[in-house]
Amino acid sequence: MAVEGHGLFSPAVLFTMEPERSAIYEQLVATLHEVLGCSGIAVLARNNAGITIHAQYGTPALPALVESSPSFTPFLEQLALTHEPVLALRSLAGLPTPGSGRDWLALPLAANKIVYGYISLLGEFDGGSALSAHAVMLQAAQTLHWLARWQATQTQQGQLLDLDARIRHAPDQASALAL
């Protein structure tokens, strides 16, 4: 943490340690593994190149980028539309997931109408597992939401500090107002 003075303003405390999105994903995986005892977990995101794997647990591990398949589309669209878990008992995984397991569970990583990604789990599940996974997902999604808000305020704070410096260094009031 750094403390800086800004002229007439009281000292502002600026945090130099930025939260990491990857740490949120890793904690999500660790919590899901602890709560559900999953044999395979993947935190996924869709992009033009395919499916990016943000964090995972299980063997064999998935590559960092999985080629998109038309079979993934219905699952991803349903998750994004409903924001509800999909539990498939005694079924193969519909999305990339490391490990193996009897059942498959998928959830959107979503909060405040924003889908941050998807979670795909393998293991032995029941209806209570979907509720538990949903509760853990909501906590992680809210953390991602607040991280995005924090990053936006950091950008705005930087812009305001730059504007303050330009105004203070302007030779006269007229040129300061012209900024």
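How many residues apart are R168 and D164 in helix α3, and how many helical turns separate them? I took this question first. I worked throughout from a predicted model.

**Entry 1: the R168 and D164 pair**

I found R168 and D164 to be 4 residues apart in helix α3, so about one helical turn separates them. Their side chains meet in a salt bridge, with 3.0 Å from N to O. I then looked up the accessibility of each partner. R168 counts as partly exposed because its relative accessibility is 40%. D164 counts as buried because its relative accessibility is 17%, and the cut-off for buried is under 20%.

**Entry 2: the other salt bridge**

I noted that the structure holds 2 salt bridges. Besides the pair above, D103 forms a salt bridge with R102, and the closest N and O atoms are 2.9 Å apart. I recorded D103 as buried, at 0% relative accessibility. R102 is partly exposed, with a relative accessible area of 35%.

**Entry 3: overall layout**

I counted the secondary structure as 4 helices and 8 strands. Along the sequence I read the pattern β-β-α-β-β-β-α-β-β-β-α-α. The protein has 179 residues, of which 36% are buried. I also looked up the contacts between residues at least 6 apart in sequence, and 52% of these join residues at least 24 apart. The accessible surface comes to about 10500 Å², and carbon and sulfur atoms account for 58% of that area.

**Entry 4: the nonpolar cores**

Which residues touch the most other members of the largest nonpolar core? I found L28, L32, L36, L105, L109, I119 and L121 in that position, within a core of 26 residues. Two or more residues of this core come from each of α1 (21–36), β3 (40–47), β7 (103–111), β8 (114–123) and α3 (127–168). Helix α3 gives the largest share, 8 residues. Apart from this core lies another one of 16 residues, including L62, F72, L95 and Y118. In general, nonpolar side chains in soluble globular proteins tend to be buried together.

I then followed the contacts of L105, leaving aside neighbours within four places in sequence. L105 is in contact with L36, P85, V86, L87, I119, S120, L121, F125, S129, A130 and A133. Of these partners, L36, I119 and L121 are listed with L105 among the residues that touch the most other core members.

**Entry 5: G40**

Is G40 buried or exposed? I found G40 in strand β3, and G40 counts as buried because its relative accessibility is 0%. Not counting residues up to four places away in sequence, G40 touches Y57, T97, P98, G99, S120, L121 and L122. I also checked G40 against Q56: the two are 16 residues apart along the chain, and their C-alpha atoms are separated by 7.5 Å.

Which residues make the nonpolar surface patch of about 260 Å²? I identified L160, L163 and I167. L160 has its place in helix α3. I recorded L160 as exposed because its relative accessibility is 58%, and the cut-off for exposed is over 50%.

Key:
Residues numbered from 1 in each chain as written. Predicted model: local features only at pLDDT ≥ 70, side-chain atom pairs only at ≥ 80, totals over all residues. Heavy atoms only, no water. Core = buried A, V, L, I, M, F, W, Y, C linked by side-chain atoms within 4.5 Å. Buried < 20%, exposed > 50% of the residue type's maximum accessible area, 1.4 Å probe, protein only. Contact = heavy atoms within 4.5 Å. Patch = residues over 30% accessible without salt bridge, like charges linked within 9 Å, V, L, I, M, F, W, Y side chains within 5 Å. Areas by Shrake-Rupley, 256 points an atom, 1.4 Å probe, with all protein chains shown as cover. Salt bridge = Lys/Arg side-chain N within 4 Å of Asp/Glu carboxyl O.
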